[in-house]
Amino acid sequence: MTRVTFFYRDKTPCGFSAEGHSGFAEEGSDIVCAAVSAVTQTAAIQAEDVLHMENAVYTDEKRAFLKVTGDGGAPWAAMLKAMELFISQLAAQYPEHLTLTITEV
């Protein structure tokens, strides 16, 4: 199962983590994994290459773990909110393969 957690600070999204494999299908054919990977990698690219947020991205490929946090202002919060809505809709379609959690930090 893939677990995505969104971090909020003062009711504003400030980051997320994603870990695990969805187990929907075999590697290379897993549409749930592909969707989560696409949206999380887009967010990581925005944090590093567009918003230039230093030390925002942490990955551990052995654990299939990605964490992106930092202060990227309103553009970052808007990206995270859109990502949260996407993940929420995907989790509703595939609840046995994807969970979404929101936590205040």
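For a chain of 105 residues, a compact globule would have a radius of gyration near 13 Å, and the chain agrees with this, at 13 Å. The model is a predicted one, and its C-alpha trace spans about 35 × 25 × 20 Å along the principal axes.

Within these dimensions, the chain holds two helices and five strands. Read from the N terminus, these elements follow the order β-β-α-β-β-α-β. Contacts can be viewed by sequence separation as well: of those between residues at least 6 apart in sequence, 62% join residues at least 24 apart.

Turning to burial and surface, 40% of the 105 residues are buried. The accessible surface of the chain amounts to about 6200 Å², and carbon and sulfur atoms account for 52% of that area.

Asp 71 sits in the loop that links strand E4 (65-69) to helix H2 (73-93). Is Asp 71 buried or exposed? With a relative accessible area of 71%, Asp 71 counts as exposed, because the cut-off for that class is over 50%. A polar atom of the Asp 71 side chain lies 3.2 Å from the backbone nitrogen of Gly 73, and helix H2 spans residues 73-93. Asp 71 can also be placed relative to Met 1: the two residues are 70 apart in sequence, and their C-alpha atoms are separated by 29 Å in space.

Technical notes:
Residues numbered from 1 in each chain as written. Predicted model: local features only at pLDDT ≥ 70, side-chain atom pairs only at ≥ 80, totals over all residues. Heavy atoms only, no water. Helix = DSSP H or I, 4+ residues; strand = E, 2+ residues; numbered from the N terminus. Rg over C-alpha atoms; globule rule 2.2 N^0.38 Å. Buried < 20%, exposed > 50% of the residue type's maximum accessible area, 1.4 Å probe, protein only. Contact = heavy atoms within 4.5 Å. Areas by Shrake-Rupley, 256 points an atom, 1.4 Å probe, with all protein chains shown as cover. Polar contact = N/O pair within 3.5 Å; in protein donor to acceptor, adjacent residues only side chain to side chain.
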